[in-house]
Amino acid sequence: METVIEVKGLVKEYGKLRAVDNIDLEVKAGEVYSILGPNGAGKTTSVEIMECLRIKTSGEVRILGYDIDKEQREIRKRIGVLPQSFNAFEYLTVKENIDYFGDLFDRRLGADELIEAVQLQEKRNVWFMNLSGGLKQRVGVAISMVNDPELIFLDEPTTELDPKARREVWEVIRDLKSKNKTVILTTHYMEEAEILSDRVAIMDDGRFIAMGTPREIIDRHGSGSTCVVKAANDAALQAVKGAGMDSENKDGDLWVRLENKGSLARLVNLLSAGEVSYDEMLIKGSTLEDVFLKLTGKKLAEAEA
Amino acid sequence: MRFKHVLVDLKGQAKSFFRVKSNLFWTLAFPLFLILVFGAIFSNMGSGTVILNVQNLDGGPGSTLFLQSLDETGAIELRFIDPQADLEQHIKDNSLAHVMVLPPNFSEAFVPNSTATAQVELRLDETVSTSSIVRNIVNAVVNNYNLAMSDGREYLELEVGSIIQKRFTFLDFFVPGVVGLTVMTTCVFSMQGTISRFRAAGIFRKLATTPMTPFEWLLSRMIWFLFISFLTLAVVLVFGILVFGMSMTLNAPALLMVIAASAMFSALGMIIARFVKNEETANMASNAIIFPMMFLSGTFFELEMMPGYMQDIASVLPLTYVSQGLRDAMVFNNLDGAYLNLLVVAVIAVIFVAVAVLVTKWEED
């Protein structure tokens, strides 16, 4: 499979602050590749270097085979970008905004074709300022596709969107993948990265701390499954502790780590004793959130704070 | 550079501009509003010291005494014109509003037992609000002399004439200043506001990913603000002539001045926005630059009415040269003065545009 992004030893420094610290990355054609991490991790700086928006301090970057230092013009023609906190011209309609950006390129797709791709037919003639956040992001995705790019960068496309709007944007991203576009998605939503991505790089303090498919990362760095025993009483707690199982009491729920295949059967057996009572049992697999917690010692929300 | 990119941005800018009603108000209706309101206020105002330019062709003790009396009123500041100077040319070149000529035989009227009568020639621009003050003060001094020396006849005669050949209204003089003022406010505020807003909204980040260059974008915006400046000029002229009955000339130096002023002030807006990155602070910086210029550059007040140090400040403000140049071109038909002011504005414009082009870039590194 063709390599569309090749990054070696990329460093970006602002004075004494090293925002991007010697990262390597290789993205293949047709992949949805997520760069995941809290705010300030270095995601946006990294992709903005790849988008020709920032100048790197050192390292090598090739986009679609073009050198980022020498061939920015060629790169700009061939990539699509939805910048973070995207905005377009407030007093132009959806179609006019798409046409504005489209007319700047020699090769472009028709506005109506793009409006249909992001399902904005009903908003075609509505001023950009009158659209909701989710619809604005869909316009942004349409504009990022206006030059029919081989590679699309979507920088935090669902930040500050409500769950419904977020899912609408997910659909558009899935559609891009179905069209065999390569998508670089930066996000701090673990669930989003897990659902949409072929591969993920988790970033913290300017470095990639884990890379691979979501499954590979979870298998490699996750802590296995956990059984959540809802509203467990003291007898349940004592029984599990007494059996030496790794457990934790969280707000009245008992979280028991399932260390091997026999752990669940053993737990069920323990909770069958007469005095034990609880509402229900849930099995929870490891997530990228758990991986982030394990690798950095902090929760994603803490890291953002 | 590709002009196609400039046209794309011009088209988008034109659509956006005309969809915002407040834009139409500030660029088209506001100048008319200013003309009506400030014209009404300032056409009847008069206070403080008034400058009276004197050409003393006599030089004798009588004229010296008479001028001393005028000076002692405290209401008039005397400025002297070289007796050898061509008065008509001097008035035109310096756009003077009040001139007094004391003839060569003036002192003869003061000689004891003389039967001679001296004439005080006062030439006033009656469209300037302070003319009536000058006339009244000079008249009062003349009357005092006649009374003091009274033996039944008048020693001094006051003859009042007009400096200008054509009859103008106060608005004729005020309007070029308003055109300059509107070009300044439209270009500086709009350019700075657009850049600050686009930066905050991330639109520059998006444009940076397209083949359009910052220079193409700047060129498009400057062409747009030039168009708006001409639109303002046209509206003011058409309404001024048809509705207010003004008499003004639209000639080459006036048009060139609008082009140079538009480029200069657009570039100033770009420079402010580039160096003051916070949107609110940039707005405040624009206000801090615009408002002093508005009031110190002779748009509302005559420069001659201001204290000397204020006139020194005015002499370094670009709007002073824009207003004066437009007035020279459109009202006084003083083409030498108009081209001299145009030269000053053009030089500043070239410097500002060069700085703006150098400092404006998409990347925010």
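**Figure 1. Burial and secondary structure in chain B of the predicted model.** Buried residues, meaning those with 20 or more other C-beta atoms (placed from the backbone) within 10 Å of their own, account for 42% of the 365 residues of chain B. The model is predicted, so local features need pLDDT of at least 70 and side-chain atom pairs count only at pLDDT 80 or more, while totals for chains, interfaces and linings use all residues. Residues are numbered from 1 along each chain as its sequence is written, and chains are lettered from A and ligands numbered from 1 in the order in which they are written. Chain B has 13 helices and five strands, where helices (H or I, at least four residues) and strands (E, at least two) are DSSP runs numbered from the N terminus.

Figure 2. Domain 1 of chain B comprises 3-42 + 169-359 and domain 2 comprises 50-162, with bounds that come from an automatic or database domain assignment. The C-alpha centres of these two domains of chain B are 41 Å apart. Of the contacts in chain B between residues at least 6 apart in sequence, 80% link residues at least 24 apart, a contact being a pair of residues whose C-beta atoms, placed from the backbone, lie within 7 Å.

**Figure 3. Overview of chain A.** The C-alpha trace of chain A spans about 75 × 45 × 35 Å along its principal axes, and its secondary structure consists of twelve helices and 14 strands. Of its 305 residues, 43% are buried, and 70% of the contacts in chain A between residues at least 6 apart in sequence join residues at least 24 apart.

**Figure 4. The side of chain A that touches chain B.** In this interface 21 residues of chain A are in contact with 19 residues of chain B. On the chain A side, α2 (72-78) and α3 (94-102) are the elements that give two or more residues, and α3(A) gives the most, with three residues.

**Figure 5. Packing of helix α8 against helix α11 in chain A.** Helix α8 (residues 214-221) of chain A and helix α11 (residues 288-296) of chain A pack at an angle of about 45°, with their axes 9 Å apart; axes are lines fitted to C-alpha atoms, for helices over the stretch in contact, and angles run from 0 to 180 degrees between N-to-C directions. The contact brings P214(A), I217(A), I218(A) and H221(A) of α8(A) together with L288(A), V291(A), K294(A) and L295(A) of α11(A).

Conventions:
A residue is buried if 20 or more other C-beta atoms lie within 10 Å of its own, exposed if 12 or fewer, and partly exposed in between; C-beta atoms are placed from the backbone. Two residues are in contact if their C-beta atoms, placed from the backbone, lie within 7 Å.
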